[in-house]
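Student: I would like to go through the salt bridges of a protein model. Could we take them pair by pair?

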Amino acid sequence: MKKRHGFIAAAVAVSLLAAQTFAGAYYTQDLTFPLQSSDNETVTGDYYVKSTLDNISWGFLPNRDSEPILTVPSGSTVTFDTVSHEGILEDQGRDPVKYFGQYGVSSDMVLDDAKAIAASDDPHDFLADGPHVVTGPIAVEGAEPGDVLKVEVLDLAPRVPYGVITNRHFKGALPDEFPEKERLETASVENPEAYGDVSVFCPIHQEDGIWYGTVDDNGTEMKFPLSPFLGIMGVAPDTSEKVSTVPPINVGGNLDINELGVGATLYLPVEVEGAKFYTGDPHFVQGDGEVALTALEGSLRGTVRLTLLKAGDSSIPKTSEKFTQAFAETEKYWIPIGLNEDLDEAMKQSIRESVNFLSNQFNLDRAKVYAYLSAGVDYEVSQVVDKTKGIHALIPKVDFRDILTLKLNAGSKSIDVGISSNQFYVPLRETMEALGYTVEWDGATNSIVMTKDGKSVTAVVESNIYNADGQNIVLTSSPFISEDGVTMLPVSALSDAAGLSVNWTTSGSVVTGSVQ
């Protein structure tokens with residue numbers, strides 16, 4: 001990706017070759033910026049939902065009275081085009097072509113759906129309404145109050161090679177100190193500079209297979225790796241009142257939990273018929289706290305699997321007798337969530353959810369669980385800027401290896417998962433062949449070569465550098481280990497090196513990963 005004086009050289013669409021990493025995930029499809037809704041060759045879901053004016057709401061979440069734009073059976077995969085609100089809001093002139101043009105972005109590098117939303121007659125009130133563009137809702141067949149919707153994040157791809165971080169008046173973690181510019185009474189969509197809000201344009205680029213965002217300060221670059229996720233995922237609350245997109249609620253919404261990227265599984269309590277799932281507020285990366293107000297906001301094309309868990313299903317996390325609060329898990333962690341306007345109360349709620357989950361799920365003594373949480377679990381601040389504050393726990397699954405049964409569903413095979421050095425491992429040849437790969441030993445290079453559909457992944461002995469179709473990818477895990485003469489592959493390499501989404505479900509004491 002070419003850069004000119006710190007800005008995107010946007011006159012030419014940027015084509016990204018296959019075999020590249022984006023936020024630790026390997027993408028096998030070609031990406032061309034911008035990824036317009038008309039460019040649907042990379043759509044992988046059973047259904048495709050565009051962010052057209054008929055499919056979105058601006059500033060408010062769907063509620064029980066919202067009409068679904070689509071109804072899908074349980075287990076369906078749905079690809080959503082999501083639109084970042086940055087660049088279309090009133091304090092940015094509500095004209096994304098003009099706004100991004102000042103940073104060297106040409107009109108054809110701005111998303112068509114962002115242009116249409118900004119130019120619409122939607123009566124969006126910048127001072128009163130939420131900023132986010134929400135796509136949906138999608139009804140799931142058979143969903144009823146008391147059920148749970150399981151949402152698995154399968155794929156996230158950037159739609160544009162830039163994003164924005166914004167600090168607005170009276171918001172953020174230091175609302176009385178930042179922005180340091182004054183807001184004038186003349187502030188309006190026609191005079192956006194008078195709002196005094198500070199938006200920082202951030203191009204994204206790739207180096208050695210890793211994607212980065214950059215904050216430029218007169219030639220001094222602050223560079224940080226990307227880790228995309230959808231800030232808003234939820235189901236409709238049981239109310240007829242208008243529900244702002246800003247505060248997260250028990251059924252999801254603006255959770256802003258940066259762990260919910262590719263491979264994450266989110267559980268949402270169903271309160272209305274059809275569940276009515278929606279998503280939006282796409283992020284390229286967010287630090288814990290999101291202190292300035294926004295993360296690095298950037299539009300994403302996201303694919304999720306929506307699976308209905310009927311009341312009483314053993315796969316529903318046992319956080320309480322009745323599941324009423326969003327809960328998540330990844331390969332590494334169970335993630336109980338706390339939400340409250342008071343950060344202390346949010347912390348307490350997350351702790352209670354943690355105690356309830358571990359004691360109910362595994363029949364453990366509550367006092368012993370409480371002691372374990374104090375010694376072994378990190379509690380992170382999801383965000384402190386969305387009115388309702390968020391705290392989430394990261395409970396390491398490996399800490400419970402003695403009571404867990406670990407499985408990986410690869411193709412038609414169920415494969416035992418082992419643990420070494422606090423990482424999940426599976427037999428390399430058995431797993432990759434079950435997924436349709438050919439596996440060969442290359443003695444000349446002391447490496448294992450895995451090939452499928454003309455694409456290859458190579459792992460070198462005693463090296464954490466993989467090669468995927470000519471692109472080197474450095475992993476935090478070892479490439480493989482030998483256990484009783486069997487070569488073992490870290491499960492994380494399936495996503496990080498081979499571009500395969502692995503999502504996890506806990507049922508009783510059985511933890512199962514499913515490869516997409």
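Student: This is a predicted model. What makes R183 and D197 a salt bridge?

Tutor: The closest N and O atoms of R183 and D197 are 3.1 Å apart. The cut-off is within 4 Å, so the pair qualifies. R183 and D197 both sit in the loop between β14 and β15, 14 residues apart.

Student: Why is R183 called partly exposed?

Tutor: R183 has a relative accessible area of 22%. Buried means under 20% and exposed means over 50%, so R183 falls in between.

Student: And why does D197 count as buried?

Tutor: D197 has 14% relative accessibility. The limit is under 20%, so D197 is buried.

Student: What makes R168 and D91 a salt bridge?

Tutor: Their side chains meet at 2.7 Å, N to O. R168 lies in the loop between β14 and β15, and D91 in the loop between β11 and α1, so the pair ties together parts 77 residues apart in sequence. Both R168 and D91 are buried.

Student: How do you know that E433 and R429 pair?

Tutor: The closest N and O atoms of E433 and R429 are 3.2 Å apart. That is within 4 Å, so they form a salt bridge. Both lie in helix α5, four residues apart, about one turn of the helix.

Student: Why are E433 and R429 called partly exposed?

Tutor: E433 has a relative accessible area of 41%, and R429 has 42%.

Student: How many salt bridges does the rule give?

Tutor: The count comes to 18.

Note on methods
Residues are numbered from 1 along each chain as its sequence is written. This is a predicted model: local features need pLDDT of at least 70, side-chain atom pairs count only at pLDDT 80 or more; totals for chains, interfaces and linings use all residues. Side-chain values use heavy atoms; hydrogens and water are left out. Helices (H or I, at least four residues) and strands (E, at least two) are DSSP runs, numbered from the N terminus. Buried means under 20% relative accessible area, exposed over 50%, partly exposed in between (1.4 Å probe, protein chains only).
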